[in-house]
Amino acid sequence: MSAAIPSQRPDRPNFLIFITDQQRADHLGCAANPVLRTPNLDTIATRGVRFEQSYVTCPLCQPARASLFTGLPPRGHGVRTNGIPLSPSVPTCIEALRRSGYRTHSVGKLHLRNSGEPRPDVEPSDLDRWLESRWLWLEDRIGALPPNYEGLETADFTGGHGPGIFGNYRRWLRDQDPEGPHLLTREAGDLPASGAEQSWTMALPSELHYNTWIADRAIEFLRREAASSRPFFLWCSFPDPHHPFAIPRPWSTLYHPDDVALPNRRPGELDDLPPHYLKTFEEGVMTSGRRAPTRIRDDQLRDVIALTYGMIAMVDQQIGRVMDELDRLGLRENTVVVFMSDHGDMLGDHWIINKGPFHFEGLLRIPTIWSWPGHFEEGVVSSA
């Protein structure tokens, strides 16, 4: 039975934004993927509009996410590549919602400022661009994002991926199990027989994984806000399926490598493409998304893709948990639900994995679903 909704207004709907990191448009069950199953995302799509031609402004995390927050292309917000922080002087859509009375909150990944280690000569007054710095969080120089960060009143923050994850989640994990951070690592896990790079089964139990933690924090937020007359904006951001390709059981064994298809490529293709493709393949030319040669055998590619599918399946389950709570609290009918990703992954297409200056569909086209029952059309697939 749904709970009563106090003072909800259809002209001021809630917004629940699910975003994944590095998920391709064809990595959805409802997008006719022949192997991957995403029942919870498929359900959102049946109650909304799925866009088949949704493209990113830039195939890298920071520029793409800055565009989502500001509505501007990279030349407008100034974040041209990873490592350039979004200036606090650039207005965000979330700040506009906050100023109009929305309760704004984030759980999970943001990546709007620099996540690396600041130079030793950085002045304390300049640390605002380093609020998402892994080094500063691990050194306990930062313990929380400040109020109204990019328009977000509060945040349960994570940065990074796999064993490199940090922020509020890593501190929580350490409190639950001092060995928890080690259980995320490749050294503690089980490697695939192929020896595929960046690939393993995590030793960490699923209930302690960051995907579960993010869903738990989102559910807690919904429960706190259910009785409020203020509309809310909730950014629910999962770091997966970004590399490394690592996930706990049972997700790591959910898909067998023999069942996944090899990527889209052809012999001799690299000789026909711009020279940086071949240099990336053979030499590991440094880009913002790829820093190693991409020579990888077919059996290794199958392991990478199967683990990626497992990562997406776990995220799908966690999104289902959040959606179930939204329904239980009686908030679904007055909440705009959006699902999207910041960019895709080449995953072996055209002989490249991960991301970088590669303008192909697997990297540039993302899954996008908008759903608001009773207001948006339902079960529609748009080519707009």
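Predicted model: local features only at pLDDT ≥ 70, side-chain atom pairs only at ≥ 80, totals over all residues.
View 1. Strands here are DSSP E runs of at least two residues, and helices are H or I runs of at least four, numbered from the N terminus. Strands count as paired if DSSP finds at least two bridges between them.

**View 2. The β3-β4 side.** Strand β4 (residues 154-159) runs parallel to β3, joined by 5 bridges. Ser106 faces Ala155 of β4.

View 3. The open sheet has 9 strands, ordered β5-β4-β3-β7-β1-β9-β10-β2-β11, with mixed pairing. β5 (166-167) and β11 (380-382) are the edges; each has a single partner strand, so one side of each lacks a neighbour in the sheet.

**View 4. The β2-β10 pair.** Strands β2 (residues 49-51) and β10 (residues 368-371) are antiparallel, with 3 bridges. Phe51 stands opposite Thr368.

**View 5. Helices on the sheet.** Helix α8 (residues 210-225) lies across β3, β4 and β7, at about 170° to β7. Helix α11 (residues 298-328) touches β1 (14-21), β7 and β9 (335-341), at about 160° to β7. Contact means heavy atoms within 4.5 Å. Axes are lines fitted to C-alpha atoms, for helices over the stretch in contact; angles run from 0 to 180 degrees between N-to-C directions.

**Notes.** Residues are numbered from 1 along each chain as its sequence is written, and side-chain values use heavy atoms, without hydrogens and water. Local features need pLDDT of at least 70 and side-chain atom pairs 80 or more, while totals for chains, interfaces and linings use all residues.
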